[in-house]
Amino acid sequence: MESKKRFTPAVTVILLFGIISLLGDVVYESARSVNSQYLNLLGVSAAKVGLVFGIGEFLGYFLRLIAGVWSDKSRKYWMFMFVGYGMLLVVPFMGFTMNWNILVALILMERIGKALRNPAKDTVLSCVAENQVGVGFAFGLQEALDQIGAFAGPLIFTAVFYFTGKNGIAQYQIGYKWLFIAVIFLMLFLTYAYRRVKRDELIPAVAKREFQTEKLKPIFWIYTAFTFFCTLGFVNFSVIGYHLKDKGLMSDGNITLLYSVAMIVDAVTALFIGKAYDRIKAKTGKKTGGLLVLAAIPFITLLLPFLTLSGSIPLIIAGMMIFGIIMGTHETVMRSAIADITPFHKRGTSYGVFNTAYGLALFGGSALMGWVYDLNQTGIIIAFTGVSEVIAVLFYFMMNRMVKTSQL
């Protein structure tokens with residue numbers, strides 16, 4: 001009886017979204033773990049790789065602004081999810097070409113698909129979780145399942161390299177093609193989730209005038225600025241993976257394995273951070289209270305370039321564990337916080353605005369670090385990270401002060 005009570009319609013849908021995210025990560029995170037190495041094999045420079053990944057991340061986040069506003073106005077959240085997840089089909093097709101231009105187009109299309117689906121998905125999930133299981137727990141659980149997929153996906157390539165005993169272009173293409181299976185299962189689970197939400201009427205009707213009159217609160221903008229500078233100095237895996245391949249520090253299989261382990265750290269972190277977020281929020285009695293769990297993020301982000309761009313394997317492994325902790329914290333808290341500081345009828349817009357800033361930071365950081373890495377100037381990367389995180393700390397103190405004085 002007790003287990004049946006716990007499996008409420010809301011919990012069931014949250015688990016379904018977790019499985020959908022898991023399968024999505026099997027597809028795109030496995031590709032992201034090898035794309036830079038694959039492009040390296042095709043003779044593409046680090047500067048070009050950094051630029052492409054930077055543009056991809058920027059599109060993947062900037063277009064969320066348009067998708068978020070559009071989904072709020074149209075309230076066709078499910079249409080955005082079906083189209084966005086359907087665009088994951090481009091990833092397996094990367095296994096059919098070595099053409100640089102086509103590969104760039106496919107990489108960018110995958111990021112555009114993510115932009116279309118994410119504001120709508122986060123809006124629906126936050127609404128289902130709100131006042132039922134806690135948004136911190138919901139997004140933490142989803143992120144944990146999400147990262148299990150991010151762990152399992154790269155292992156597909158690791159297995160191909162291991163069983164063939166080779167790591168050439170043909171082996172990479174085999175790995176990409178296997179991802180068709182995950183895309184098919186993902187769309188089946190998404191269809192089932194849609195039917196469950198509709199059947200159990202878990203999404204409230206919203207008056208159109210509410211969207212037009214509601215404004216985003218000042219703490220939303222401070223939180224967005226804090227996250228922007230934290231992320232601007234964050235060393236992306238496109239640079240780390242290229243470094244490991246370029247310097248011959250690890251085999252291709254071990255690079256993807258290391259990324260997988262970092263994703264497991266991400267998953268475990270998400271569960272703990274999600275619960276901590278809800279606990280601090282309850283303790284302070286304020287919806288904004290959970291933001292205080294972010295205090296350590298700028299400081300540990302400072303360590304990344306020293307560790308991940310070094311020539312020491314133990315330091316690189318330690319750096320990737322920190323990489324996972326940072327990712328797990330950002331992915332869980334960023335979505336939970338937006339749900340708490342914005343109303344449902346403005347939430348798609350809020351996720352879109354926030355993720356546009358996040359994407360700008362990833363674009364700027366990734367492109368700059370790729371270019372500087374080509375110049376063999378890792379000292380500049382370290383300095384850039386330092387300046388970015390110091391600014392983030394200043395915004396954190398502003399945010400902390402607003403939390404203490406806020407009535408929200």
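Arg111 is found in helix α5, which spans residues 100–129, where helices are DSSP runs of H or I of at least four residues, numbered from the N terminus. The model is a predicted one, in which local features need pLDDT of at least 70 and side-chain atom pairs count only at pLDDT 80 or more, whereas totals for chains, interfaces and linings use all residues. Residues are numbered from 1 along each chain as its sequence is written, and side-chain values use heavy atoms, with hydrogens and water left out.

With a relative accessibility of 3%, Arg111 counts as buried, a class defined by a relative accessible area under 20%, while exposed means over 50% and partly exposed lies in between (1.4 Å probe, protein chains only). The side chain of Arg111 meets that of Glu110 in a salt bridge, at 2.8 Å from N to O; a salt bridge is here a side-chain nitrogen of Lys or Arg within 4 Å of a carboxyl oxygen of Asp or Glu. Both partners, Arg111 and Glu110, are buried. Leaving out residues up to four places away in sequence, Arg111 touches Tyr28, Arg32, Gly56, Glu57 and Gly60, contact being defined as heavy atoms within 4.5 Å.

By this rule the salt bridges number two. Because Glu29 and Arg32 are three residues apart in helix α2 (residues 9–41), about one helical turn separates them. Glu29 has a relative accessible area of 7% and is therefore buried.

Apart from residues up to four places away in sequence, Phe323 touches Phe234, Val235, Asn236, Phe237, Ile240, Tyr259, Ala262, Met263 and Leu304.

Thr269 lies in helix α12, which covers residues 252–284, and this residue counts as buried because its relative accessibility is 11%. A polar atom of the Thr269 side chain lies 2.8 Å from the backbone oxygen of Val265. When neighbours within four places in sequence are left aside, Thr269 is in contact with Gly324, Ile325, Gly328 and Thr329.

On the surface, Ile174, Trp178, Ile181, Ile184, Phe185 and Leu188 form a nonpolar patch with about 620 Å² of accessible area together. Patches are made of residues with over 30% relative accessible area and no salt bridge, like charges being joined within 9 Å and nonpolar side chains (Val, Leu, Ile, Met, Phe, Trp, Tyr) within 5 Å; accessible areas come from the Shrake-Rupley method with a 1.4 Å probe, and for residues only the protein chains shown count as cover. Helices α7 (169–178) and α8 (180–200) each supply at least two residues of the patch, and α8 gives the most, with four residues. Ile184, in helix α8, counts as exposed because its relative accessibility is 53%. Met187 is likewise found in helix α8, but at 22% relative accessibility Met187 counts as partly exposed. Met187 touches Phe82, Tyr85 and Gly86, not counting residues up to four places away in sequence. Met187 and Leu88 are 99 residues apart in sequence and 10 Å apart in space, C-alpha to C-alpha.

Technical notes
A polar contact is a pair of N or O atoms within 3.5 Å; within protein, one must be able to donate a hydrogen and the other to accept it, and residues adjacent in sequence count only if both atoms are side-chain atoms.
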